[in-house]
Amino acid sequence: MAHRLLASPNRFSARFAFIFTISLSCTYLCYSIIFCRGTIMTNQAYDGRRCVTGKNAGSKKLLGKVESCATAAVDVKETQRDAGGTTTARSHWSEGKLSKNISVAQKYGNKKLPNALIVGVKKGGTRAVLEFIRIHPDVRALGTEPHFFDRNYDRGLDWYRGLMPRTLDSQITLEKTPSYFVTREAPRRISGMSHQTKLIVVVRNPVTRAISDYTQTLSKKPNLPTFEELAFKNRSLGTVDTAWNAIRIGMYIIHLENWLQYFRPSQMHFVSGERLITDPAGEMGRVQDFLGLKRIISDKHFYFNRTKGFPCLKKPESSSQPRCLGKSKGRTHVQIDQEVIEQLRDFYRPFNIKFYETVGQDFKWD
């Protein structure tokens with residue numbers, strides 16, 4: 001009997017110890033789960049904060065990481081649920097994309113050799129094409145004419161690259177020097193830089209172009225001989241002086257044949273200087289297609305300035321004034337005798353016809 005009484009407390013102690021051990025284990029397990037969940041959420045919050053901090057990092061190595069963080073932030077902020085409860089994401093990056101791309105490129109971009117060149121022609125409308133295409137957010141262009149492939153080639157490609165604006169990998173680097181088209185060494189030199197370079201040539205009725213060229217020179221040299229004296233070796237015989245640069249530039253096919261020795265026709269795009277005035281959006285649409293760009297520049301960007309006689313860009317959001325070309329553009333041409341004009345038309349006609357056939361486009365100058 002006494003033995004049974006002693007065994008009963010021992011069994012009670014064993015049961016108590018077992019229950020206590022089980023309770024302690026459950027408590028530890030619950031605590032561990034709660035602690036781990038809190039740690040994971042804290043790390044996620046920290047990652048979000050780290051993206052914000054990284055956005056201001058100046059190192060080029062951080063560019064890819066910064067961009068992915070910024071994208072993630074936009075995605076999170078713009079994520080919404082529609083009426084059916086489906087999660088959707090929206091992005092407003094397109095608004096103000098031009099100014100954002102420029103500032104980002106200036107901060108994080110690199111100076112690269114140009115992907116595309118406006119190579120000609122003088123007094124054809126090259127400045128207008130440059131100014132119009134520059135409003136595209138995926139284009140960064142040098143504003144001045146570097147004359148690298150005709151006058152400064154001995155300075156080297158590093159010097160040339162240093163002139164370029166900073167661009168992102170997704171952007172096109174562009175420069176304009178109209179004299180390249182008539183420089184014999186330019187095609188070979190540009191091809192030596194890159195066989196893949198895209199070339200834009202703005203052409204215009206060669207008679208009108210020659211008169212415009214003369215008008216510009218006359219404004220700088222008032223004592224210049226008359227247009228007729230310079231254009232003809234013998235006016236009575238109608239012998240045109242092809243050595244005069246204003247005449248020779250308009251013999252487009254002569255210069256084009258030199259370019260086609262180094263570049264495929266598909267690498268060259270010809271802009272009509274006349275259509276650039278009457279339909280700037282249409283011509284710039286084709287330029288954007290040629291460069292592989294989304295068509296962003298459209299009719300809404302232009303208005304016709306009756307005083308200047310050509311289109312201008314409508315007022316940018318950052319400016320109180322519309323953007324037109326300088327005072328030297330759209331100046332009134334000197335008056336040329338109609339008989340002289342007809343003689344020059346006859347002279348250029350065979351050159352024009354061959355040019356039309358080569359580029360597969362009728363510019364209707366005759």
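This tour moves through a predicted model of a protein chain, one selection at a time.

**The whole chain**

Begin with the entire protein chain displayed as a cartoon. The chain has 13 helices and 13 strands. It comprises 366 residues, of which 38% count as buried. Switch to a surface display next: the protein chain exposes about 21800 Å², and carbon and sulfur atoms supply 55% of that area. To see how the chain folds back on itself, consider contacts between residues at least 6 apart in sequence. Of these contacts, 68% join residues at least 24 apart.

**Stop 1: K176 in strand β7**

Select residues 172-176, which form strand β7, and then pick out K176 within this strand. Is K176 buried or exposed? Its relative accessibility is 3%, and because buried means under 20%, K176 counts as buried.

**Stop 2: L276 in helix α11**

Move to residues 273-278, which make up helix α11, and highlight L276 there. With a relative accessibility of 4%, L276 counts as buried.

Which residues touch L276, apart from its neighbours within four places in sequence? They are G125, A128, V129, F132, V271, E283, M284 and P311. Select G125 from this group and draw a distance between the two C-alpha atoms. L276 and G125 lie 151 residues apart along the chain, yet their C-alpha atoms are separated by 7.8 Å.

**Stop 3: helix α10**

Select residues 252-259, the extent of helix α10. This helix is mostly covered, as six of its eight residues are buried. Colour Y252, I253, H255, L256, N258 and W259 to show the buried residues of α10.

**Stop 4: the disulfide**

How many disulfides does a search of the whole structure find? The search finds one. Select C312 and C324 and show their side chains: these two residues form the disulfide, with their sulfur atoms 1.9 Å apart.

C312 is buried, with a relative accessible area of 1%, whereas C324 is partly exposed, with a relative accessible area of 29%.

**Stop 5: salt bridges**

A search of the whole structure finds 16 salt bridges. A few of them are visited here.

- Select D289 and R295. Their side chains meet in a salt bridge of 2.6 Å, taken from N to O. D289 has a relative accessible area of 42% and is partly exposed; R295 is also partly exposed, at 48%.
- Select D346 and R349. The closest N and O atoms of this salt bridge are 2.9 Å apart. Why are D346 and R349 separated by about one helical turn? The reason is that they are three residues apart in helix α13. D346 is partly exposed, with a relative accessible area of 46%, and R349 counts as partly exposed at 31% relative accessibility.
- Select D362 and K364. The side chains of this pair meet in a salt bridge of 4.0 Å, N to O. K364 counts as exposed because its relative accessibility is 67%, while D362, at 42%, counts as partly exposed.

**Final stop: a linked group**

Select K122, R209 and D213 together. These three residues are linked in a network of salt bridges. With their side chains on display, the tour is complete.

Technical notes. Residues are numbered from 1 along each chain as its sequence is written. This is a predicted model: local features need pLDDT of at least 70, side-chain atom pairs count only at pLDDT 80 or more; totals for chains, interfaces and linings use all residues. Side-chain values use heavy atoms; hydrogens and water are left out. Helices (H or I, at least four residues) and strands (E, at least two) are DSSP runs, numbered from the N terminus. Buried means under 20% relative accessible area, exposed over 50%, partly exposed in between (1.4 Å probe, protein chains only). Contact means heavy atoms within 4.5 Å. A disulfide is a pair of cysteine sulfur atoms within 2.5 Å. Accessible areas come from the Shrake-Rupley method with a 1.4 Å probe; for residues, only the protein chains shown count as cover.
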